[in-house]
Amino acid sequence: MKKRACLALALVLVMLLSVGCGLLPAKEQTFTRDGLTITLTNRFQEGEREGYTAYFKSTQVLVLALKEEKSLFAERGMEVDLDGYTQLMMDANGQEGQPEHRDGLTYFTYDYATGGEEYRYFTAAYEGDDAFWVVQFACQKSKYESLEETILKYAQSVQV
């Protein structure tokens with residue numbers, strides 16, 4: 001009887017450690033916030049971040065989303081399409097060049113260093129009926145190559 005109890009306890013501990021260490025496979029999880037829907041995994045937590053409409057984080061990827069009403073551009077007499085909006089975001093981030101297009105996405109990438117760490121940002125832009133969205137996916141630059149396909153999958157899941 002003691003042997004079974006010890007075995008059961010050991011099994012429970014292994015299962016708990018597997019969950020805590022991320023050994024069990026992540027499950028897709030859809031998040032919705034202020035007109036944005038994105039499919040990430042259950043390893044992400046939703047939070048608040050000043051200056052952003054939506055914020056999600058995991059141990060490897062940070063997702064920051066900003067919604068900007070089209071009326072803001074119209075009030076300034078600006079006619080902006082998706083490429084134009086993306087170019088404005090590039091200019092705001094000090095990035096030269098033109099927006100890139102891949103697998104139905106309009107995006108740009110850039111690197112940013114802070115606190116002794118260097119990060120790569122994959123920044124995708126989206127156009128809804130009444131607003132533009134910019135969604136940034138950030139990770140350590142050294143891990144970007146191994147996470148790029150996952151980030152693309154996340155970016156392609158966005159609906160506005």
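A residue counts as buried under 20% relative accessible area, as exposed over 50%, and as partly exposed in between. The structure is a predicted model. By this scale G84, at 26% relative accessibility, counts as partly exposed. G84 lies in helix 3, and its C-alpha atom is separated by 9.6 Å from that of Q98, 14 residues apart along the chain.

For the protein chain, the mean pLDDT is 88, and 85% of the residues reach 70 or more. Residues 16–21 form a stretch over which pLDDT stays under 50, and for this stretch the model has three contacts beyond four places in sequence. The protein chain has 160 residues, of which 35% count as buried. It exposes about 10200 Å², with carbon and sulfur atoms supplying 51% of that area. Of the contacts between residues at least 6 apart in sequence, 38% join residues at least 24 apart.

Four helices and nine strands are found in the protein chain. Their pattern along the sequence is α-β-β-β-β-β-α-α-β-β-β-β-α. Seven of the strands form an open sheet with antiparallel pairing, in the order 3-4-5-9-8-7-6. Strand 3 (45–47) and strand 6 (100–102) stand at the edges; each has a single partner strand, so one side of each is left without a neighbour in the sheet. On average, neighbouring strands of this sheet are turned by 30° against each other, direction ignored. Within the sheet, strand 8 (residues 117–127) and strand 9 (residues 131–140) run antiparallel and are joined by nine bridges. Y121 has A138 in strand 9 as its bridge partner.

Helix 3 (residues 82–92) packs on the sheet, where it touches strand 5 (62–69), strand 6, strand 7 (105–114), strand 8 and strand 9. The direction of helix 3 makes about 5° with that of strand 7. The buried residues of this helix are Y85, T86, Q87, M89 and M90. Their cover includes helix 2 (70–75) together with strand 5, strand 7, strand 8 and strand 9. At the N-terminal end, helix 3 is capped by D81, a side-chain oxygen of which lies 3.4 Å from the backbone nitrogen of D83. Helix 3 is followed by G94, which has a positive phi near 70°.

Most residues other than glycine have a negative phi. D34, although not a glycine, has a positive phi of about 50°. D34 is placed in the loop between strand 1 (28–33) and strand 2 (36–41), and its relative accessibility of 48% makes it count as partly exposed. D103 is likewise not a glycine and has a positive phi of about 50°. The loop that holds D103 is the one between strand 6 and strand 7. At 52% relative accessibility, D103 counts as exposed, because the cut-off for exposed residues is over 50%.

Terms used:
Residues are numbered from 1 along each chain as its sequence is written. This is a predicted model: local features need pLDDT of at least 70, side-chain atom pairs count only at pLDDT 80 or more; totals for chains, interfaces and linings use all residues. Side-chain values use heavy atoms; hydrogens and water are left out. Helices (H or I, at least four residues) and strands (E, at least two) are DSSP runs, numbered from the N terminus. Buried means under 20% relative accessible area, exposed over 50%, partly exposed in between (1.4 Å probe, protein chains only). Contact means heavy atoms within 4.5 Å. Accessible areas come from the Shrake-Rupley method with a 1.4 Å probe; for residues, only the protein chains shown count as cover. pLDDT is the predictor's confidence in each residue, from 0 to 100. Two strands pair if DSSP finds at least two bridges between them. Axes are lines fitted to C-alpha atoms, for helices over the stretch in contact, and angles run from 0 to 180 degrees between N-to-C directions. A polar contact is a pair of N or O atoms within 3.5 Å; within protein, one must be able to donate a hydrogen and the other to accept it, and residues adjacent in sequence count only if both atoms are side-chain atoms.
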